[in-house]
Amino acid sequence: MNLSIKYFLTLTLILSVVGSAVMSVKVAPTIQKDVKNITETVLEVYPQDLVINVEDGKIKLNREEPVIIKFPQSKEKTSETNASLGLDSNTELENLVVLDPKGTIEDLDKYNTLILINETNILARNASGQIDVQPLKDLPNGEFTREKLEESMRRLGEYANALPLILFLIGVGGSLVINSVTKFLVFFAMALALKAATMVYEINLPYLKLLQIIIHTFTAPFIMDTVLSVFNLKFPLPYWQFMLGLLIAGFVLVRIGGDYKAQPGLKKVEK
């Protein structure tokens, strides 16, 4: 039984590595492109001399209010920014951010802006068109300058460069844990179902032997599922993995059942 468990864990690890590697290769470039678009846009539109002071959950500006930060002038750049932010590519907002300490939620439309920062809150349109409100009270006291923004964008770019490895490690760890736990629970239940069948047909196989059969017969469905995921395909039948595994296990049980039928114990098959 220990060998069967080691076999299952090894198989799960291999499939998790393959699936996570494919996922990171597919997903990471898109996210990296979005991060690059956002960082370039922010650095392009943020005024060189703007200083934002946060004190006791309120903002103060070093310039005449309101401060309006427009979307990039290029239509192509604006479209890329909208896509990176999850907005419709046809969204025709004039301004990216408006800082108006006296602004209200109604001023989002007045300024035709994506984000409005007033004295105490950040008001932002989300992808569904609703308004999200984030209080400034949780922000630490301090001064935000162009230099700090550039440093933050540089660090964000470094994180984006490491994204493939980060996604891969998260994918392997998460997939290994989830698959090991959930599938073992399913295996236990299926082995109980097989045990009930063996009792009906008077096949004398112990529960642990049936559990071994379940573990090994699920090799094919697991590999098939990983291959389908790699090619971004879906099997049209729900729960097909478990049904196929149970079908194979039932076939194996029929083939070997006669050797154990009506025996007082496991029959030792001589070579």
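This is a predicted model: local features need pLDDT of at least 70, side-chain atom pairs count only at pLDDT 80 or more; totals for chains, interfaces and linings use all residues.

Residues are numbered from 1 along each chain as its sequence is written, and side-chain values use heavy atoms, with hydrogens and water left out.

The secondary structure comes to 8 helices and 8 strands (DSSP runs numbered from the N terminus, helices being H or I with at least four residues and strands E with at least two). Of the 271 residues in the protein chain, 34% are buried, where buried means under 20% relative accessible area, exposed over 50%, and partly exposed in between, with a 1.4 Å probe and protein chains only.

Strand β1 (residues 52–55) has I52 and V54 on its covered face and N53 and E55 on its uncovered one. Its two pairings (two strands pair if DSSP finds at least two bridges between them) are set out below.

| Partner of β1 | Bridges | Direction | 
|---|---|---|
| β2 (residues 58–61) | 4 bridges | antiparallel |
| β8 (residues 142–144) | 3 bridges | antiparallel |

Towards β2, E55 has K58 as its bridge partner, and in the hairpin of these strands, with 2 residues between them, D56 takes a positive phi near 55 degrees. Towards β8, I52 stands opposite F144.

In helix α6, the buried residues are L210, L211, I213, I214, I215 and T217, and they pack against α1 (2–45), α5 (163–200), α7 and α8 (240–260). T217 lies in this helix, which spans residues 207–217, and counts as buried because its relative accessibility is 9%. The side chain of T217 reaches the backbone oxygen of I213 at 2.8 Å, and, leaving aside residues up to four places away in sequence, T217 touches G245, I248, A249 and V252 (contact means heavy atoms within 4.5 Å).

M224, by contrast, counts as partly exposed because its relative accessibility is 35%, and its place is in helix α7 (residues 219–230).

Notes: A polar contact is a pair of N or O atoms within 3.5 Å; within protein, one must be able to donate a hydrogen and the other to accept it, and residues adjacent in sequence count only if both atoms are side-chain atoms.
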